[in-house]
Amino acid sequence: MLARAFHRWERKLAAAAEGRTVRPFDWGLEWVPGLEPEEGEPLERLERWAERTLRNSEAFYAVPPAQYSLNEDRLTFQSAVVTPHPENNTVTARYFPDHTPKGKRRAVLILPQWNADAEGHAGLCRLMNRFGLSALRLSLPYHDVRMPPELKRADYIVSANVGRTLAICRQAVLDARQAIAWLQLQGYESIGILGTSLGSCLSMLTAAHEPLIKALALNHISPFFADVIWEGISTAHVRESLEGRVDLGSLRRIWMPISPYPFLDHVRDRQTLLVYALYDLTFPLTLSRMLVTEFKLRNVPHETLVLPCGHYSTGVTPFKWMDGLALCRFLNRTL
């Protein structure tokens, strides 16, 4: 009965989000970095590309130095990835420094959820300050001020354009790595990362390729990017465009370079918190438990928190406080 009640609530909260559009399917080959001009069908080419990329993920996620500008609490710099939309090519982050001795030494980069607005996770950043942690809240690609006028939602980072989804998720990871480099330049000695939903996946990819990260808190989890899109209620409109053009197995292989699963061993030397919700229909429970099981099977150090709510209801009192406090306590203890 409790599960049915939460599932009804989750569907109601999900339905309240406006502007979901079924956009045309596209392989998006022109977006894929390093795709060789070889013969073959797009599906075959992308699967071969994914295999090569996984073997050399350090190069795929490598970043050059950036030039930074801090104006009051707004940090900006040019993204290492140039897209056709000028608004998206300038990275924006909001800085929440803690001026206590601990806060001057410890910082957390925060990656919010898909379609988070400019104020998303600002309250969590302030809560971090209460724990003596400075925070830097990154705006994901194609979100808030990085969104071109043609969009109402951040559709270009997760969509039925297969190649563009790869490219823009990679862009988010490179942006995150450059933001962490800025934190190091400010003198922070102990740096963590926290991501929610889509931000959780991107945080895992960032931590797997960024040695400066000491601890990571992953809030709503899955081992595979494709499976969340295929099974979650929040992305049913994306699946509608994908279905009939590509199957889940192929999509999982193509999107493996932007999935946590191949990179679990890369965080063996870090402290990791895995958070999932018992009645989640967006990051389905089977996927969340699958990732926890993989951490256990590989003996990768981790802690687990199970929230007694769903995905959307995590943002509602009292669950948002349970979640936020657990995230802050973990990072306060491990940084």
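A quick word on the ground rules. Residues are numbered from 1 along each chain as its sequence is written, and side-chain values use heavy atoms, with hydrogens and water left out. Since this is a predicted model, local features need pLDDT of at least 70 and side-chain atom pairs count only at pLDDT 80 or more, while totals for chains, interfaces and linings use all residues.

Let's start inside. In soluble globular proteins, nonpolar side chains tend to be buried together. By a nonpolar core I mean a set of buried Ala, Val, Leu, Ile, Met, Phe, Trp, Tyr and Cys residues joined through side-chain atoms within 4.5 Å. Buried is under 20% relative accessible area, exposed is over 50%, and partly exposed is in between, with a 1.4 Å probe and protein chains only.

Which residues touch the most other members of the largest nonpolar core? They are L109, L202, L242 and W255, out of 79 residues in that core. Helix α5, residues 162-185, gives the most to this core, with 13 residues. Helices here are DSSP runs of H or I with at least four residues, strands are runs of E with at least two, and both are numbered from the N terminus. Apart from this core lies another, of 26 residues, with F6 and C125 among them.

Now zoom in on L109. Contact means heavy atoms within 4.5 Å. Leaving aside neighbours within four places in sequence, L109 is in contact with residues including A176, I180, L183 and I193.

I193 takes us to the strands. Strand β6, residues 190-196, runs parallel to β7, and six bridges join them; two strands pair if DSSP finds at least two bridges between them. I193 stands opposite L216 in β7. Strand β7, residues 213-219, is mostly covered, with six of its seven residues buried.

On a 1 Å grid over the protein atoms alone, a cavity is a set of points where a 1.4 Å probe fits but cannot get out, and a pocket is an open set with protein on both sides within 12 Å along at least five of seven lines; lining residues have an atom within 4 Å of a point. Grid points are joined across faces, edges and corners, and a volume is the space filled by probe spheres set on the points.

The largest pocket holds about 1,200 Å³ of space. Its lining has 45 residues, of which Q113, H121, T196, H311 and G315 lie nearest the centre. Helix α11 supplies the largest share of that lining, five residues.

Let's meet some single residues. H121, in the loop between β4 and α4, has phi near 70°, a positive value in a residue other than glycine. Is H121 buried or exposed? H121 counts as buried, because its relative accessibility is 16%. N299 also has a positive phi, near 55°, but N299 is exposed because its relative accessible area is 60%.

Finally, look for the peptide bond from T317 to P318: that bond is cis, with omega near 5°. P318 lies in the loop between β9 and α11.
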